[in-house]
Amino acid sequence: MDPEKTLKEMNLEEKVLLVVGTKFMYTNALPRLSVPSLRFSDGPHGLRVQSSPEKLQNGVSGDLPATAFPTAAAVASGWDPENARRIGDAMAREARFYGINIVLGPGANIKRNPRCGRNFEYYSEDPLLSGKMAAAEIRGLENAGVGACLKHFAMNNAENFRFIGDSIVDMRAAREIYLKSFEIAVKEGAPRSVMSAYNKVNGRFCAENSWLLRDVLRKDWGFEGIVMTDWGGISDKVASIKAGDELDMPGDTVICRRHLYDGVKDGSLDEAVLDEAVLGILKTIDSFRDVPKEKDPGFEEHHKLAADVAADCAVLLKNNGSLPLSENEKVLVIGDLFRNMRYQGSGSSMITPAFLTTPEDAFNARGAAYDFAPGYVETEEAPDEKLIAEALAKAENYDSAVVFAGLTDYVEGEAGDREHLLLPDNQLALIDALIRTGKKIVLVLFGGSPVELPFANSIDSILLMTLPGQNGGEAVYRLLYGEVSPSGRLAETWPVVYGDVPYAHDYSVTGAEVYKESIFVGYRYYSTFGKATLFPFGHGLSYTKFKYDDLVLSEKEGKINVSCSVTNVGSIGGKEVVQIYIGGPASDVFKPEKELKAFKKVFIKPGETVRVTFDIPLDDLRYYNVREERFVLEDGEYRVLVCRDAENVILSGTLRIPGESVPSPYSEKAVSMYGGGDLEHVSDELYEELFGMKLPEKKPPLPLTIESRISDFKHTACGRFILRCAMIYIGGEMKKARRTKDPAKKSQKLKAAIFARKIMETNSMRSLSMASSGRLPLNVAEGIVSIANGHILKGLGSIMKKIKDPSKKVIKKI
């Protein structure tokens, strides 16, 4: 297919059909012109392949098997981009087997707040670590003939209001933190597509934000692929085409085709702009013409890879000598997650695993000597005193216990933010009871984000598995019994309590999410403002020890050259993550105390010394000057720090770097507040100075609009009735799930029902309509809103309205 020639032969009806998807995971084929469909699959840590486009257009259960790899939160903790690349390569093989062209992933959003329900799907609070990992997964996919779709672009950092929310971000924070992760992924990974996020950025929906999609993504970064909406993330199709968002997904939205057709006919949409979008999609389709289909998906090989990556990414948070365990001693294992391991997140990324090896499976396969007590039920939150008593009775016969605990799908997941950072009550009650026995406790933790651990000083060892994928059980065994030395490092800070997070109690409570902390996200906040942490960013222990020395620094050819020697002074081989942070010169421009600028993971044999070197571009030391609207390299002395983590410096030196002398864009008050003052009490007026405009006024919940959250229907009598009807349906799905006899299918159906409930509560009628694949037309959605407001006749009139499809004749021929 010649894309340019094909474009010239297309009529307007075919053009508007091509830029709107179909059957939930496809683009429309055009047989007359020999244009095939593109096929997509959810990612980003494995494929969620729908079993039939006709039978299952929208769901998160009953999909075809694929490898569930460790999630992004786990992979980032490995601090080795090669892990992400290997996962991308393996996913590409499975995608070719299923005929998938583009995998929807990876996700490169920054972890602004640990309560975000989708943090398990993202890499880090740091843009360098996040960007490098995302770029590596993209390369793995793209180099193997499968497209990546980098998401969710951009500033999509909360779930409660994700469909309608507005991220209010000052330009420096946007450029240095939130966009930087995507910039690295785009420039170093070269994905074929990018997914625009649901939310607004500074008042404009991402899918209609020309500054984001044209100025930044294409002009500044040189992106040459296509942009597609998140599923249902379209508000105004004509505006999105103009802004550079080519493809509306999941599509089958007659109203979008109608608006495009009418726009070209009445002149409000230049057909050349539509042609630009069509040509981009045609070029993307053509790029897959020579990709062969895979005969063998490699499930067994990938199951082994999943274990290797999970073991490499686990973080030993604490160890008083209880680990590794001895194979010669019988151990007491407590916790339902030992047999019902949480290995992936819930929601659109929930995978039907090709295989599944829980810790119980691995222990049994290896012939481990152990006794077991569940202690709690994974699907519940209330303590079960009988199960706790049973665990305590068994503990009387042992000096120690290995406790499996963590966040479950019922307290953490997509489409809603966590209510707190605590473990479920039943797990806390169990752990507290065990601590009172005085036994040594080894805690194995699962979960997609940090938790408060008020008992941390009372237990001996903590091994964090995050969400380790389908073969996490094998990885757990290797780590607990010392077959592999832990080498993961935290990719996000673990606060002592949630209240230590900047603007903790303002997070995700309204649709307007104001980023008052600006650039001080994660460790940048804790280290600069002297806040204690439970475990700092970059923290992680090993079964061996490493010694650092001989730091050498130089600057030439636009780069800082850093090298040091690292020696394994322990008795076993192990991997060490060398972390390089740099602190900028003192000036009247506020900045973090230090920032991660390079890292490298190396394996070192016992007694061996390796020389680790880094070349850091001077461009990476620049800050974004909001007045100049460009990045600026300050003149002055820079501190180069070789660190064990974000708080502990091992070696340090300084370099004088020639740069610019540009006046500070900030007032004295802003420098005082953000330069180490009281960041928690930045006034609206001061942030408006940084932001460069007035903050939006809070919107009243009534009258309801097409953009209101469906949960806000509770504010009217008619709305409550509509909401109740919707929840009755979802409740029925929950009951069906609970009646399912097969444990694995029951668990998956329960999680799907919970996800559906969250989607219903947090969605808007506009987004729900656009995600419905035509089953809930926009005029019907508008009519429901009118009825909810008490305007019944107006609503019925809207519902009965007929929208003529301009592409109907083309669709019939297909």
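Predicted model: local features only at pLDDT ≥ 70, side-chain atom pairs only at ≥ 80, totals over all residues.
Modeller: Residues are numbered from 1 along each chain as its sequence is written, and side-chain values use heavy atoms, with hydrogens and water left out.

Colleague: What makes helix 6 oblique to helix 7?

Modeller: The axes of helix 6 (residues 171-189) and helix 7 (residues 210-220) cross at roughly 55° and come within 11 Å. That angle makes helix 6 oblique to helix 7. Angles under 35 degrees count as roughly parallel, over 145 as roughly antiparallel, 65 to 115 as roughly perpendicular and the rest as oblique. Axes are lines fitted to C-alpha atoms, for helices over the stretch in contact, and angles run from 0 to 180 degrees between N-to-C directions. Helices (H or I, at least four residues) and strands (E, at least two) are DSSP runs, numbered from the N terminus.

Colleague: Which residues of helix 6 and helix 7 meet?

Modeller: Met171, Arg175, Leu179, Val186 and Lys187 of helix 6 meet Trp211, Leu212, Val216, Leu217 and Asp220 of helix 7. Contact means heavy atoms within 4.5 Å. By class, this contact of helix 6 with helix 7 has 7 nonpolar, no polar and 3 charged residues. Ala, Val, Leu, Ile, Met, Phe, Trp, Tyr, Cys and Pro count as nonpolar, Asp, Glu, Lys and Arg as charged, and the others, Gly among them, as polar.

Colleague: Why is helix 19 called oblique to helix 22?

Modeller: Helix 19 (residues 717-739) and helix 22 (residues 778-788) pack at about 130°, with axes 7 Å apart. That angle makes helix 19 oblique to helix 22. Cys718, Gly719 and Ile722 in helix 19 meet Ile784, Ile787 and Ala788 in helix 22. The contact of helix 19 with helix 22 divides into 5 nonpolar, 1 polar and no charged residues.

Colleague: What volume has the largest cavity, and what lines it?

Modeller: Its volume is about 160 Å³. Grid points are joined across faces, edges and corners, and a volume is the space filled by probe spheres set on the points. The largest cavity is lined by 17 residues, with Gly584, Lys591, Glu595, Leu621 and Tyr638 nearest its centre. Helix 6, strand 20 (574-583) and strand 21 (595-604) each supply at least two lining residues. The lining has 8 nonpolar, 2 polar and 7 charged residues.

Colleague: What is known of the second largest pocket?

Modeller: The second largest pocket has a volume of about 1100 Å³. Of its 33 lining residues, Thr510, Gly511, Ala512, Lys698 and Lys699 are the closest to its centre. Strand 17 (512-514) and helix 18 (684-691) are the elements that give two or more residues to the lining. Strand 17 gives the largest share, 3 residues. By class, the lining has 13 nonpolar, 6 polar and 14 charged residues.

Notes. 1 Å grid on protein atoms, 1.4 Å probe; cavity = no way out; pocket = protein on both sides within 12 Å on 5 of 7 lines; lining within 4 Å.
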